[in-house]
Amino acid sequence: MRAAVLHEIGQDKLEVVDDAEAVGFGPGKVRIRVRATGLCHSDVSAMSGVLPQPAPFIPGHEGAGEILDVGDGVTGLTQGQRVLLCWLPACGSCPACKRGQTQLCLAGFMNAGTPNFKRPGGDVFGFAGTGTFTEEVVVDAGCAVPIPDDVPFDIAALIGCGVTTGLGAAINTAKVEAGSSVAVIGCGGVGISAIQGARLQGAAQIVAVDPVESRREAALRFGATEAVAPDALADAKQRITAGEGFDYVFEVVGKSATARTAYENTRRGGTLCVVGAGAMDDNLQLNMFELFFDEKRILPSMYGGGDVLRSYERAIALWRAGRIDLESLITHRVPLAGINEALEQMRTGAALRTCVEI
Ligand SMILES: [Zn+2]
Ligand SMILES: [Zn+2]
């Protein structure tokens with residue numbers, strides 16, 4: 001079958017091959033025909049080595065499709081069922097799951113070290129235990145989450161990562177209060193979802209911060225009250241908060257430099273919500289005096305910072321009610337053969353989300 005493969009970490013292009021095979025089907029597993037997958041920034045970060053990932057691998061973790069086969073012992077899933085792919089399945093029995101923090105369940109990561117594809121040359125891994133830039137994928141049954149019939153595959157795919165991450169950061173983690181001031185640094189698909197979340201929560205001012213003009217324009221359409229380039233953030237802080245800083249600042253880039261900027265633009269006692277996925281050797285520096293004296297709350301948010309299935313259901317309900325716009329998040333569409341074009345659209349910031357139709 002066709003798949004897009006990264007041969008070595010550090011390469012910036014994928015090779016679309018037609019000799020890949022999804023392996024590992026058996027008890028507790030399902031085989032899925034992928035129909036749509038979004039290109040998420042984490043895919044690019046895994047390719048460049050910012051996020052740990054063995055190679056060769058098939059990127060893609062934000063996908064949706066139909067179940068082709070159901071392994072023995074799997075309950076609640078049937079052949080032909082439409083599902084979205086959850087790259088962080090909950091085991092249901094670990095301490096994190098019992099507390100309702102399924103976003104912190106580590107069971108899914110145990111699969112990430114096992115290759116779930118092969119080619120004539122050898123084993124191929126799937127990113128984050130999934131790997132959706134392919135026609136078929138074999139995953140744990142817990143990774144297949146049924147979706148209602150009215151949710152198209154492309155919308156479901158986005159809910160599988162970017163939308164859940166951004167919305168959840170604003171709603172579950174930061175718990176943005178009505179009437180508050182918010183800045184969102186980094187306005188790709190996740191940042192825009194954080195903006196929509198902050199708008200839903202009733203934020204009075206939402207400042208979108210991004211160096212790319214088309215993203216700033218998009219942010220305004222999704223609910224930002226103003227949009228500025230990074231070098232104009234200090235001015236916005238002065239005008240909007242009288243220099244005090246924002247009640248909430250979302251860091252949606254995943255770099256210590258932007259996290260530091262976010263910290264400095266958060267008011268004393270305010271909340272810095274870290275959403276971006278960064279590197280293990282990129283250290284954020286804070287001095288012990290400011291940490292104590294300014295009492296800023298630093299709240300990291302992983303995959304929406306709450307129960308993952310609940311976050312999906314909420315995103316679907318909000319989308320169905322017309323309270324969030326997910327269609328307009330998909331600014332570009334390509335077939336699998338156009339995957340390198342999609343990577344370029346991501347790197348230049350031209351796309352909020354590119355949907356790969358498979
Ligand atoms: Zn993602
Ligand atoms: Zn668990």
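Author: Happy to! Bear in mind that this is a predicted model. The residues that line the largest cavity are V163, T164, L167, G168, S311, R314 and A315. Two elements each give two or more residues to that lining, namely α5 (162-173) and α11 (308-320). Of these, α5 provides the largest share, with 4 residues.

If you sort the lining by class, you get 3 nonpolar, 3 polar and 1 charged residues. The cavity also brings two domains into the picture: at least three lining residues come from domain 1 (3-161 + 306-357), and at least three from domain 2 (163-300). As for the space itself, the largest cavity holds about 30 Å³. A search of the whole structure turns up 1 cavity of 30 Å³ or more.

Now to the metal site. The zinc ion (ligand 1) is coordinated by the SG atom of C40, the NE2 atom of H61 and the SG atom of C161, at 2.1 to 2.2 Å. Along the chain, these donors follow the spacing C-x20-H-x99-C. H61 sits in the loop between β5 (57-58) and β6 (62-70), while C161 sits in the loop between α4 (153-159) and α5, so this pair ties together parts that are 100 residues apart in sequence. H61 and C161 are both buried.

Terms used
Residues numbered from 1 in each chain as written. Chains lettered and ligands numbered in written order. Predicted model: local features only at pLDDT ≥ 70, side-chain atom pairs only at ≥ 80, totals over all residues. Heavy atoms only, no water. 1 Å grid on protein atoms, 1.4 Å probe; cavity = no way out; pocket = protein on both sides within 12 Å on 5 of 7 lines; lining within 4 Å. Points joined across faces, edges and corners; volume = space filled by probe spheres on them. Nonpolar A, V, L, I, M, F, W, Y, C, P; charged D, E, K, R; others polar. Domains from an automatic or database assignment. Donors = N, O, S within 2.8 Å, 3.2 Å for Na, K, Ca; no water. Buried < 20%, exposed > 50% of the residue type's maximum accessible area, 1.4 Å probe, protein only.
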